[in-house]
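Here are some exercises to work through with the structure open beside you. Try each one before you read its solution.

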Amino acid sequence: MQARPNIFKLKLVVAFIAGAVSLQARAKVDGFQDSPKGVTLGTGTYYFWLPNDNKFDPIPSLAPAGSTVADSENQFFLPSRIGFFIQRGKLNFEGFFRYMLNLRRNYTVTGGNTGSGYMTFGSYGYGLNFGIALMQSQRFQLNFVGNGEMVFQKATATYSPSTGGTDTIKLKSTSQLIGVGLQPEIWLGDMWSLSLFGGYQYGFLRYWDIASAASFMGDAKAIGPLVDANGSRTKAQFGGFLFEATLKLSFQSP
């Protein structure tokens, strides 16, 4: 009499396991046509080419009148981001947090106050990407992407005059960017994909401010707008060609 209830329980367990396996198989994401969603982690660099791209250098405005500054504009930026993405059919959306720093490049000053220095960036912000797949298969897709970003620029300029000592000043600005580009993506397998982006971001005109009072290059700098020797505000128009590589990890459920 005990055999039938046990057989019935066994059938229930088998049916539950089979159903779970079936649901898991349906839920597994195995390519772009399965509408994946998940998290992203990427990094890249900017390339400045157009005239407005390079209006981002505050060092000449910090130098005293009669000085000549060289190489201060040659910054190599490393914009990194972490975020999340959702894809539905051929449409995809990504929201991300941006962190940007730079490889240190030295500049020189001659004339009124001879010496050398460097700038470091620790900027952060957020952005959105909207894309549509121009081509799509399970293992590859090519997206046309539009994006927008807000970046809070934080820079620290350091200067060492030839007579000795070190001056440091902190600067701040904001960058509002909009851009377009192409984004090929390759499905790597096991829920991972690789995204490559190449496009142009236009930066709206903004200005540098001095974040904290300091003595720099022999001159006392007060908190407020950074102005040049002519009394004009210093432009901070950041933008350029952005190239990024991003890893995407998809969740199980589409």
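**Exercise 1.** Decide whether phenylalanine 140 is buried, partly exposed or exposed.

*Solution.* Start with the cut-offs: buried means under 20% relative accessible area, exposed over 50%, and partly exposed in between (1.4 Å probe, protein chains only). Phenylalanine 140 has a relative accessible area of 30%, so it is partly exposed. To find it, look in strand S9; strands (E, at least two residues) and helices (H or I, at least four) are DSSP runs, numbered from the N terminus.

A word on the model: it is predicted, so local features need pLDDT of at least 70 and side-chain atom pairs pLDDT 80 or more, while totals for chains, interfaces and linings use all residues. Residues are numbered from 1 along each chain as its sequence is written, and side-chain values use heavy atoms, with hydrogens and water left out.

**Exercise 2.** Work out which residues the side chain of glutamate 185 makes polar contacts with.

*Solution.* Next, check its cover: with a relative accessible area of 1%, glutamate 185 is buried. Now look for polar contacts (pairs of N or O atoms within 3.5 Å; within protein, one must be able to donate a hydrogen and the other to accept it, and residues adjacent in sequence count only if both atoms are side-chain atoms). The glutamate 185 side chain has one with the side chain of glutamine 141, at 2.5 Å, and one with the side chain of lysine 248, at 2.5 Å. Last, list what glutamate 185 touches, skipping residues up to four places away in sequence: Phe140 is among them, and so are Phe32 and Leu194. Here contact means heavy atoms within 4.5 Å.

**Exercise 3.** Find which residues touch the most other members of the largest nonpolar core.

*Solution.* Such a core is a set of buried Ala, Val, Leu, Ile, Met, Phe, Trp, Tyr and Cys residues joined through side-chain atoms within 4.5 Å. Then ask who supplies the core: S9 gives the most, with 5 residues. Finally, zoom in on leucine 62: beyond its neighbours within four places in sequence, its contacts include Ala157, Ile169, Phe216 and Met217.

**Exercise 4.** How many helices and strands does the protein have, and what share of its residues count as buried?

*Solution.* Count the elements: there are 2 helices and 17 strands. Then take the burial: 40% of the 254 residues count as buried.
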